[in-house]
Amino acid sequence: MNTISEPQWIGIDVSQANLDIALRPAGSTWQVNNTDSGWQKLLTQLSEIAVVLVVVESTGGLERGVVPVLQRQAMPVAVINPKRARDFSKASGHFAKTDRIDAEMLAILVKRCKRYRSPWRPKHRRRYRIWSTAGSRS
């Protein structure tokens, strides 16, 4: 991949085996394995790009491998609700659902919506209180 100097919004569709990556406005797409070696390849490719924000759907835990890797490299990352992404895709007239199309729609979504431009950080997640049943009244 050639170095892209124009700022890019990146959408990553996460599946168990692969990560599908799409760039906007460049329009490039590619795929890497969802493994340690694939994440390193992704970091190498993203280091050549002026990244504005990387957006990933929350996919039931499959994103938990790649998101911390990106954050350790100081990449701005947003993890979003997949229903919001699917609703945006439908509203845009894209009813087909493939991993490549999903990655492209994530990149378009984050480029168009200012709401998702702030980075997601685990320390800002809501903390849930754990209720203990020990000593409770019956």
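## Leucine 23 and its surroundings

Leucine 23 touches Ile4, Gln8, Trp9, Ile10, Ser28, Trp30 and Ile49, residues up to four places away in sequence not being counted, where contact means heavy atoms within 4.5 Å. Leucine 23 lies in strand 2, strands (E, at least two residues) and helices (H or I, at least four) being DSSP runs numbered from the N terminus. With a relative accessible area of 0%, leucine 23 is buried; the term buried stands for under 20% relative accessible area, exposed for over 50%, and partly exposed for values in between (1.4 Å probe, protein chains only). The C-alpha atoms of leucine 23 and alanine 103 are separated by 8.5 Å, although these residues are 80 residues apart along the chain.

## Basis of the values

This is a predicted model, in which local features need pLDDT of at least 70 and side-chain atom pairs count only at pLDDT 80 or more, while totals for chains, interfaces and linings use all residues. Residues are numbered from 1 along each chain as its sequence is written, and side-chain values use heavy atoms, with hydrogens and water left out.

## Strand 1 and its partners

Eight of the 11 residues of strand 1 are buried, so this strand is largely enclosed by the rest of the structure. Strand 1 pairs with strand 2 in the antiparallel sense over six bridges, pairing being assigned if DSSP finds at least two bridges between two strands. Isoleucine 10 stands opposite leucine 23 in strand 2, and a hairpin of three residues joins strand 1 to strand 2.

With strand 4, strand 1 pairs in the parallel sense, again over six bridges; here leucine 53 of strand 4 is the bridge partner of tryptophan 9.

## Nonpolar cores

The largest nonpolar core has 23 residues, and those with the most contacts inside it are Ile12, Leu19, Ile21, Leu42 and Leu70; such a core is a set of buried Ala, Val, Leu, Ile, Met, Phe, Trp, Tyr and Cys residues joined through side-chain atoms within 4.5 Å. At least two residues of this core come from each of strand 1 (4–14), strand 2 (18–24), strand 3 (29–33), helix 1, strand 4 (49–57), helix 2 (66–72) and strand 5 (77–80). Apart from this core lies another, of 13 residues, among them Ala78, Met105, Ile108 and Leu109.

Leucine 42 touches Ile12, Leu19, Ile21, Trp30, Val32, Val66 and Leu70, leaving aside residues up to four places away in sequence.

## Glutamine 45

Glutamine 45 is found in helix 1 (residues 36–46) and is buried, with a relative accessible area of 16%. Its side chain makes a polar contact with the side chain of tryptophan 30 (2.4 Å).

Key: A polar contact is a pair of N or O atoms within 3.5 Å; within protein, one must be able to donate a hydrogen and the other to accept it, and residues adjacent in sequence count only if both atoms are side-chain atoms.
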